[in-house]
Amino acid sequence: MTRILSRAARPCLRRLSVEATHVRGAFAHNFSTSDAQHASPGLRAVPEGAQPPIDFAPVTKPPSARPIDTRKSQMIRTYTSLLRTTPLILFFQHSNLTAVEWAAVRRELKKALDGVAPMTAAPGAEPLDLSPRVQLQVLRTNMLNVALKLVEFYNPEVAASSTSTKRTSKGPIVHDLSEAAYEQVKNAEISPESAYAQIEPLMVGPLAGLIIPAVSPAHVAAALSVLAPVPGKFPAPTRKKNPGYYDPIFQNGLAKLMLIGGRIEGKVFDQAGVHWVGGIEGGIDGLRAQLVAILQGAGLGITSTLEGGSRSLWLALEGRKEQLEGESKGEAPTSS
């Protein structure tokens, strides 16, 4: 029975195979890019040396001096955005931490930050809890180096006003990956007083960054007590208070971390500067109280100075007045 069915189906299968061959040949002929006459307009080969107009670039992918699809380009964009929007970043040098050690370090860091009270951004505003927004990330040193140059030495307004900057119908191309940014950063003169010149010697080897979305001395102190403890100033938690801190896995990871500095409000701080920021008593509220005390002290000093001069003048005039009155009283009986 099976043989009879296969013999009956052979002519139909042969016919289908012949038709499929003809269709495949016609499809290849119509869409071939080797024949200029029959090639479709959208698939014709571009002549060598010819470049498509710059306006053909889509809005989501503007022309770039770097390949925009590579991981390095995306990391540069991420780091430049991070440096422009994050006011406080602490840099640590790490040495071959395993995934388990990173997990232990982040666990103990989260414990320490959860114990910090929410900060008040402005008087009368609601308290803001920064602990869930604090992150410890591994950074690519070379890409961070390029991003620091872009943030400090690249000015899009200057590039937009230059006649050599490429333009489209929507305006000049001045984003961070543009050719204008590349040329301006490459030809920039690095001053020894610039923030980049101060932080460049510290960026050696693999780096990690503690990213805090606001300047909070209390969170800095809590993080330093875990990641870079200093006896007497940022003491580590006791074994009774936090037994997990003395876990061997965490201690191995902690031994491979070293604080090298920080970037706070666009300025570079070394270890001593970071310790000073973390040592501000009372956090932002304490800093505001110190500022108010300084302003009040200055006002009282000015008032005392001005009042002292007028008081001395008043005392001198009163003394002279009493002297003249005494002399006039003494002369009155003599004349009578």
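User: In this predicted model, in which sense do β8 and strand β9 pair, and over how many bridges?

Analyst: Strand β9, residues 267-269, pairs with β8 in the antiparallel sense, and the pairing runs over 3 bridges. Within that pairing Ile-264 stands opposite Lys-267 in β9, and the hairpin that joins the two strands leaves 2 residues between them, with Glu-265 taking a positive phi near 55°.

User: Which strand pairs with β8 over 7 bridges?

Analyst: That partner is strand β1, residues 88-94, which pairs with β8 in the antiparallel sense. Here Leu-88 stands opposite Ile-264 in β8, and Ile-264 also stands opposite Lys-267 in β9.

User: How should I read the side chains along such a strand, and how many residues of strand β8 are buried?

Analyst: As a general idea, the side chains of a regular strand alternate between the two faces of the sheet. In the present case, 7 of the 8 residues of strand β8, which spans residues 257-264, are buried, so the strand is largely enclosed by the rest of the structure.

User: How many salt bridges does a search of the whole structure find, and where do Glu-101 and Lys-256 lie?

Analyst: The search finds 8 salt bridges. In one of them the side chains of Glu-101 and Lys-256 meet at 3.2 Å, N to O; this pair links distant parts of the chain, since Glu-101 belongs to helix α3 (residues 99-114) while Lys-256 sits in the loop between α9 (248-255) and β8, 155 residues apart. Glu-101 counts as buried at 8% relative accessibility, whereas Lys-256, at 28%, counts as partly exposed.

User: Is Thr-165 buried or exposed, and what does its side chain reach?

Analyst: Thr-165, placed in the loop between α5 (156-161) and β5 (167-168), is buried, with a relative accessible area of 8%. The side chain of Thr-165 reaches the backbone oxygen of Ala-159 at 2.5 Å. Leaving aside residues up to four places away in sequence, Thr-165 touches Ala-159, Pro-172, Ile-173, Val-174 and Ala-180.

Notes: Residues are numbered from 1 along each chain as its sequence is written. This is a predicted model: local features need pLDDT of at least 70, side-chain atom pairs count only at pLDDT 80 or more; totals for chains, interfaces and linings use all residues. Side-chain values use heavy atoms; hydrogens and water are left out. Buried means under 20% relative accessible area, exposed over 50%, partly exposed in between (1.4 Å probe, protein chains only). Helices (H or I, at least four residues) and strands (E, at least two) are DSSP runs, numbered from the N terminus. Two strands pair if DSSP finds at least two bridges between them. A polar contact is a pair of N or O atoms within 3.5 Å; within protein, one must be able to donate a hydrogen and the other to accept it, and residues adjacent in sequence count only if both atoms are side-chain atoms. Contact means heavy atoms within 4.5 Å. A salt bridge is a side-chain nitrogen of Lys or Arg within 4 Å of a carboxyl oxygen of Asp or Glu.
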